[in-house]
Amino acid sequence: MRLGRALLWGGAIGLLLALTCGCQRQFVFSFTWLATQTPTTTVTCTATPSSTHTPTPTRTTTPTRTATPTASITQTPTPTMSPTATRSPTASPTVTRTPTVTLTPTPTPNPFPTPDGMQREAWVPILMYHYISAAPAGADALRRDLSVAPADFEAHLRYFRDAGYESITLYDLAMYLQRGVPLPEKPICFTFDDGYRDHVTNAVPLLLKYGFRGTFFVITGFADEGRAGYLSWDDIISMHAAGMEIGSHSYMHADLAGQTAEHIVWQVLGAKEALEARLGAIAPLFCYPFGHYDDLVIAVVRSAQYWVGVTTAQGLRNASDGVFELRRVRVRGGDDVDDLLLNIEYLRNLDLTPTPTPISATRRG
Ligand SMILES: [Zn+2]
């Protein structure tokens with residue numbers, strides 16, 4: 001209420017000045033001053049002085065508008081909002097974009113789930129996709145290898161749905177490995193690296209069509225830049241709203257192995273804070289760029305309160321004592337359902353072998 005009264009007086013003073021002196025600049029200043037004094041969400045309500053400060057004839061005729069703005073404004077539904085009655089409702093969405101909101105998140109507590117001491121194994125295929133689009137003409141071998149055509153991807157999804165699989169998130173997997181929270185009978189994980197734009201245009205609609213969720217590891221610096229071919233923040237937010245799990249693939253997709261602690265912290269923690277500020281949710285999943293990491297990288301990832309670290313190492317078995325080195329099943333361009341199942345079975349057998357012999361570790365495709 002104290003803040004409300006401050007806002008009231010500030011607004012009233014500003015309004016008075018504006019009306020009596022015809023000096024809009026002072027009016028704006030009073031709100032700006034208030035905004036600098038009270039860095040809370042309520043500030044954003046009074047700090048909505050976009051370009052529509054000019055008193056208009058409608059000011060006195062629409063006093064009830066104050067009760068109808070967006071959710072952020074309804075957090076302080078006091079009469080002190082009346083000076084802003086002439087604000088156009090269309091101006092309010094821009095409020096959430098102001099730096100005072102997006103760059104000063106309240107710390108989100110997400111302590112690692114306390115392990116219950118039980119050692120568990122999960123034989124859950126964590127499928128690793130990159131592009132969900134056909135490789136462009138003239139693409140090199142690497143690009144073709146990373147590119148799964150939407151038709152192939154849909155065939156994978158159709159198979160797993162018809163076979164009775166249920167998708168789980170890596171959050172679910174972590175909770176199972178550390179706390180024993182049960183998993184479905186036939187779990188599978190769909191993960192997507194690098195935050196390519198075709199994830200929102202191709203992957204998400206197909207996942208939703210078949211009733212699955214996916215885990216998308218995005219590069220937050222690329223979203224900041226609006227880099228072509230990669231997910232924007234609007235894309236990422238919409239994917240999250242659609243039920244997809246969003247994880248960090250670092251700030252700029254830098255190779256972290258062998259780097260200084262300062263560099264790793266910048267890449268690892270910066271991306272996490274950006275995701276949490278934008279999504280309003282914890283972001284406890286990390287995927288090592290290029291699959292490269294060392295002990296220091298793991299230590300930083302752990303200290304930054306991530307829950308899991310995902311590698312590019314291939315394997316089917318993951319365990320409670322290896323949540324920062326989760327292994328996956330690489331899906332390659334051109335892999336049909338048989339290829340995929342053959343690889344899963346191959347990795348299962350490899351993990352069941354007491355002493356795997358990498359020399360024989362060849363696979364079809
Ligand atoms: Zn990557």
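Trainee: At what angle do helix 7 and helix 9 pack?

Mentor: In this predicted model, helix 7, residues 150-162, packs against helix 9, residues 198-209, at an angle of about 25°. Their axes are 10 Å apart.

Trainee: Are the two helices roughly parallel or roughly perpendicular to each other?

Mentor: Angles under 35 degrees count as roughly parallel, and helix 7 and helix 9 are therefore roughly parallel to each other. Helix 7 passes helix 9 in a right-handed crossing.

Trainee: Which residues make the contact?

Mentor: Helix 7 contributes Pro 150, Phe 153, Glu 154 and Leu 157, while helix 9 contributes Asn 202, Ala 203, Leu 206 and Leu 207.

Trainee: And what classes of residue are in that contact?

Mentor: The contact of helix 7 with helix 9 has six nonpolar residues, one polar residue and one charged residue.

Trainee: Turning to the strands, how many bridges join strand 7 to strand 8?

Mentor: Strand 7, residues 285-287, is joined to strand 8, residues 308-314, by three bridges, and the two strands run parallel. Cys 287 has Val 310 as its bridge partner in strand 8.

Trainee: Which helix makes a β-α-β unit with strand 7 and strand 8?

Mentor: That is helix 13, residues 295-303, and the β-α-β unit is right-handed.

Trainee: How many bridges pair strand 8 with strand 10, and in what sense?

Mentor: Strand 8 pairs with strand 10, residues 326-330, over two bridges in the parallel sense.

Trainee: What stands opposite Val 310 in strand 10?

Mentor: Leu 326 of strand 10 stands opposite Val 310. Val 310 is also the bridge partner of Cys 287.

Technical notes. Residues are numbered from 1 along each chain as its sequence is written. This is a predicted model: local features need pLDDT of at least 70, side-chain atom pairs count only at pLDDT 80 or more; totals for chains, interfaces and linings use all residues. Axes are lines fitted to C-alpha atoms, for helices over the stretch in contact, and angles run from 0 to 180 degrees between N-to-C directions. Helices (H or I, at least four residues) and strands (E, at least two) are DSSP runs, numbered from the N terminus. Angles under 35 degrees count as roughly parallel, over 145 as roughly antiparallel, 65 to 115 as roughly perpendicular and the rest as oblique. A crossing is left-handed if the near helix is turned anticlockwise from the far one by less than a right angle, and right-handed if clockwise. Two residues are in contact if their C-beta atoms, placed from the backbone, lie within 7 Å. Ala, Val, Leu, Ile, Met, Phe, Trp, Tyr, Cys and Pro count as nonpolar, Asp, Glu, Lys and Arg as charged, and the others, Gly among them, as polar. Two strands pair if DSSP finds at least two bridges between them. A crossover is right-handed if, with the strands pointing away from the viewer, the path from the first strand over the helix to the second runs clockwise.
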